[in-house]
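Keep the 3D view open as you read.

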Amino acid sequence: MNLRRVSAALLFCGLLIARGAAADEGMWTFDNVPKGRIKAASGFEPTDDWIRHVMRSSARIAGGCSASFVSPRGLIMTNHHCARSCIQQLSTKERDLVAGGFLAKADPDELRCPEMEINQLVEISDVTAKMAAATKGLDGEKFQEARKAAQAGIEKACQTNDTLRCEVVALYHGGVHSLYRYRRFQDVRLVFAPEMAIAFFGGDPDNFNFPRFDLDVSFVRVYDDGKPARTDDHFKWSASGAGDGALTFVSGNPGGTDRLLTIAQLEYQRDVALPDTLLTLAEMRGVLTEFARRGTEPRRISETLLFSVENSFKSLRGRWQALVDGRILAEKATAEKALRARVAKMPALKRDAGAWDEIAKALVRQRDLRKPYARIEGGGRMGSSLARIARTLVRGPLELAVANEKRLEEYRDAALPALKQGLFSKAPIYDELETLMLTFSLIKLREELGADHPFVRKALGQESPEELAARLIKGSKLKDVALRKKLWDGGPAAVKAAAASDPMLAFFLAIDGDGRAIRKTFETEVDAVIKKNTEVIAKARFAVEGTKSYPDATFTARLSFGAVKGYDEAGRHIAPVTNFAGAFDRATGRDPFALPKSWLSAKTKLDLQTPFNIATTNDIIGGNSGSPVIDKDAAVVGLIFDGNIHSLGGDYGFDPVMNRAVAVSSAGITHALARIYGAQRIVDELVK
């Protein structure tokens, strides 16, 4: 990453905030699409039917990515890096699908992903009044309990069976609450994945840059009752893609932005949260890199995790630099001061003027609780699949014994289908990697809390982190999926009995009370205070500025609009479309610029002028990976997989001059499927 280039981008972000929203700015909810603004900017006005069709043709991967329906037979398009966990879990030492790719020649050849869940949004409804009534006049623990109970009740009433997924989503930081109702698919099967060498061509050096030459695409299929699911709404396919200047829409699930946070919250991110996370990621990257160098198999089983760590580090470093630069904070401080002054002068809002200060006080408390909460409760998985399974088995049966609205959120009825899918997954678990990551987490626990902290002494006893991790992993029987089901069904007594011979279960039984205690303290003294006062600020903002704006991203369905467009940088123009010829020109034969053999063999069959990757002005953020890029006819013209380096400040503001979304062209996808991979079955299904 070139930090000087990031700083230059942030200058534009600061100017943007000062002058108001740009035409292309916005991640709009589907119940508040700015039709008039889109028409004024492009000449095209989407209809209600168009909006509904696009919403239902889009999809979400529950683990953190976006996707889309591209045929009536449940065919789903997403990124290779979004399906990579599935691809990794389906791989073996003898058949590495991440490195070698995969193509199902027919439906029976499609391989079921152990843990992937696909969600199709079918309805959005407003539940703000219900949530507000439940928490009216409450503070602290009572506020938190009432909010959780109301949310649990609304979700349970909506989710009448396991084929549905219902979530109450706080928008505008609690100013609005919406109920999102999804159709849930848990039988998801891999159809196609290219080789890693072309899915991530250019590797970390090219990550968050443009020009790009990546075929970062995978296809999976959702099944219903053992057959490809019928999907009435799906996107058409454009075999030609979109050229320079074309109008584009991106329909996806941006994970989170912080454009509406208070200055105190942004300063906390700058000074505490981001530096701490970056340090941990940097250390984890070193540990995993060393592990991968031990041999072919260690590299294979760890490369997906290492990829995630490296990508997160580069992305978060860009966010941190955006705040350190100071321009965005200065502009937001000016805007916040002006809003607070207006609120203080309005008789009906004077009581709300102290909300900013209450959040600042809660953040002081969060600094004190941050490390123990992160390591005792937030780090409960401790980097290990077996640890995650053990804690779920320890807590799950206990939580199911109490009323739905009183449970921890992850054990509510609405959350159970996804939780069980992960708990009973047949995905492989590798002892060597498990021991490595559990050791790392235990070392960080002792390092951050100190050797004399009561919890550290309780957790480690007389053992070193390395010794404890090795003993827990070696002695655990929880790789056995049948045993997990038996313990889950058997309840607390069965888990307690099994702990006598399973050290991992015994460990989490011993520390469960500590995790629950620090969680309750954090939720009462920090989370409840921040949530309550951000709702107050949101309502004050509505009263002063109105609601004709988009909320911060929440990993829910959003629509952005823009155009295929290049940009100028360092005295040169960056064209918005690359082609296959550029990929061959860029190839060196050495990682990460080595094209796979399939591409080298097929070169003479390719039209090297075929568009490959495109850059657009669409407003996106992490979570948009896998989003379809569509035209005004709701036809796929591309597939989002990245943003350029200037987009890394996008958490805090949007710059139409330099921010660019990066996508694979639909023309490039079609060409590669037909000419390189012999995947005519998929091409025919797309263009039918």
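## The second largest cavity

In this predicted model, the second largest cavity has a volume of about 100 Å³. The structure as a whole holds 8 cavities of 30 Å³ or more.

To find this cavity in your viewer, select the residues that line it: Y172, H173, L260, L261, T262, Q265, T534, I537, A538, R541 and F542. Helix 20 (residues 503-545) supplies the largest share of this lining, with 5 residues. Sorted by class, the lining has 6 nonpolar, 4 polar and 1 charged residues.

## Disulfides

Now to the cysteines. A disulfide is a covalent bond between the sulfur atoms of two cysteines. Searching the whole structure turns up 3 disulfides. With the bonded cysteines numbered in sequence order, they pair as 1-2, 3-4, 5-6.

Start with C65 and C82, which are joined with an S to S distance of 2.2 Å. C65 sits in strand 3 (residues 65-69) and C82 in helix 4 (residues 80-90), so this bond ties together parts that are 17 residues apart in sequence. The torsion about their S-S bond is about -75°, so the disulfide is left-handed. Both C65 and C82 are buried.

Helix 4 also holds C86, which is bonded to C113 in the loop between strand 6 (111-112) and strand 7 (118-126); the two cysteines are 27 residues apart and link distant parts of the chain.

C158 has a relative accessible area of 11% and counts as buried; C166 is buried at 2%.

## Salt bridges

How many salt bridges does the structure have? The count comes to 61.

K361 and E358 form a salt bridge whose closest N and O atoms are 3.5 Å apart. They lie 3 residues apart in helix 13 (residues 355-378), so about one helical turn separates them. K361 is exposed, at 55% relative accessibility, while E358 is partly exposed, at 32%.

Helix 13 also contributes E377, which pairs with R391 of helix 14 (residues 385-400), linking distant parts of the chain 14 residues apart. The closest N and O atoms of R391 and E377 are 3.4 Å apart, and both residues are buried.

## A network of charges

The salt bridge between E410 and R519 has its closest N and O atoms 2.8 Å apart. Because E410 lies in the loop between helix 14 and helix 15 (416-423) and R519 in helix 20, this pair ties together parts that are 109 residues apart in sequence. E410 is partly exposed, with a relative accessible area of 28%, whereas R519 is buried, at 9%.

Which residues are linked with E410 and R519 in a network of salt bridges? The members, with those two included, are K148, E377, R391, R395, E399, E410, D512, R516, R519 and E523.

Definitions and conventions: Residues numbered from 1 in each chain as written. Predicted model: local features only at pLDDT ≥ 70, side-chain atom pairs only at ≥ 80, totals over all residues. Heavy atoms only, no water. 1 Å grid on protein atoms, 1.4 Å probe; cavity = no way out; pocket = protein on both sides within 12 Å on 5 of 7 lines; lining within 4 Å. Points joined across faces, edges and corners; volume = space filled by probe spheres on them. Helix = DSSP H or I, 4+ residues; strand = E, 2+ residues; numbered from the N terminus. Nonpolar A, V, L, I, M, F, W, Y, C, P; charged D, E, K, R; others polar. Disulfide = S-S within 2.5 Å. Buried < 20%, exposed > 50% of the residue type's maximum accessible area, 1.4 Å probe, protein only. Salt bridge = Lys/Arg side-chain N within 4 Å of Asp/Glu carboxyl O.
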